[in-house]
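Welcome! Here is a short briefing to read alongside the sequence and the 3D view.

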Amino acid sequence: NYFCGGNATAYLYMKGSLPEAQAAVRHYAEDFFAAPRSHDGILRMPNADQEKVWIDTAFAVTPFMLFAGLALGEERYIHAGFEQTEKMYHLFRDPENGLLHQARGFTAPGVFSQDHWSRGNGWAMLALTELVQYLPAQHADRPASEAMFKDLVAACLRFQDDQGMWHQEITELDSYVE
């Protein structure tokens, strides 16, 4: 969806500020359904190993599909965006601290990155924030979105430093501030 301007284009179209984007937003939302996925249904890069997935996808996919679905009245777009973040959230969530690992399969097949990259957790937070902000109050995916959002916020807050900042590796306060 970056070819049409990504999340910003879908958002502006949803808000009525870019009506000429309708065809492009629909086109790339439809392309989503044919895009390559890992065995657990998470989008991956076309030329990447089937099991290489990373949390960055939540930022790139969920807002676009949410905004496209709301603008075009396509529930399947909305749910597809939610589902990508939900799958990644549960796949990458570290049960010991509630934070998210960045990736799986880049160092070895099936192996998760050991880091809790602050920017990566931010990608998930952004996707969850958009879901919580824009899903209608009675939407079926809203309770799960709210629960994941609250859980991730609580996990991140435990690692905020004295200045209110987070670090490159969230769990290591001696890593640089990001």
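Is A108 buried, exposed or partly exposed? At 26% relative accessibility, A108 counts as partly exposed, where buried means under 20% relative accessible area, exposed means over 50%, and partly exposed lies in between (1.4 Å probe, protein chains only). Please keep in mind that this is a predicted model, in which local features need pLDDT of at least 70, side-chain atom pairs count only at pLDDT 80 or more, and totals for chains, interfaces and linings use all residues. Residues are numbered from 1 along each chain as its sequence is written, and side-chain values use heavy atoms, with hydrogens and water left out.

**Overall build**

- The chain's secondary structure consists of six helices and two strands; helices (H or I, at least four residues) and strands (E, at least two) are DSSP runs, numbered from the N terminus.
- The C-alpha trace spans about 50 × 35 × 30 Å along its principal axes.

**Surface, contacts and charge**

- Buried residues make up 47% of the 178 in the chain.
- The accessible surface is about 8,900 Å², and carbon and sulfur atoms account for 56% of that area. Accessible areas come from the Shrake-Rupley method with a 1.4 Å probe, and for residues only the protein chains shown count as cover.
- Among contacts (heavy atoms within 4.5 Å) with a separation of 6 or more, 57% are between residues 24 or more positions apart.
- The chain has 13 positive and 24 negative charges, and their mean positions are 6 Å apart. Lys and Arg count as positive and Asp and Glu as negative, while His and the chain ends are not counted; each charge is placed at NZ of Lys, CZ of Arg, CG of Asp or CD of Glu.

**Aromatic rings**

- There are nine aromatic pairs in total. Rings of Phe, Tyr and Trp (its six-membered ring) pair if their centres lie within 6.5 Å; planes under 30 degrees apart are stacked, over 60 edge-to-face, and the rest tilted.
- One of the pairs is Y11 with Y134: the ring centres are 6.3 Å apart and the planes meet at 70°, so this pair is edge-to-face.
- Y11 belongs to helix α1 (residues 6-14) and Y134 to helix α5 (residues 118-134), so the pair ties together parts that are 123 residues apart in sequence.
- Y11 counts as partly exposed at 30% relative accessibility, whereas Y134 counts as buried at 18%.
- F32 and F33 also form an edge-to-face pair, with 5.1 Å centre to centre and 90° between the planes. F32 is buried, with a relative accessible area of 8%, while F33 is partly exposed, with 34%.
- Y11, F67 and Y134 are linked into a cluster by ring pairs.

**A closer look at I55**

- I55 sits in the loop between β1 (53-54) and α3 (56-72), and with a relative accessible area of 1% I55 is buried.
- Beyond its neighbours within four places in sequence, I55 has contacts that include M88, F92, L100, W123 and A124.
- T85 is 30 residues from I55 in sequence, and their C-alpha atoms are 8.3 Å apart in space.

**The loop between β2 and α5**

- A108, the residue from the opening question, is found in the loop between β2 (103-104) and α5.
- A108 and L12 are 96 residues apart in sequence and 40 Å apart in space, C-alpha to C-alpha.
- F112 is also placed in the loop between β2 and α5, and at 26% relative accessibility F112 counts as partly exposed.
- Leaving aside neighbours within four places in sequence, F112 touches L91, F92, A103 and R104.

- D174 is in the segment after α6 (142-157), and at 72% relative accessibility D174 counts as exposed.
- From D174 to A124 is 23 Å, C-alpha to C-alpha, and the two are 50 residues apart in sequence.
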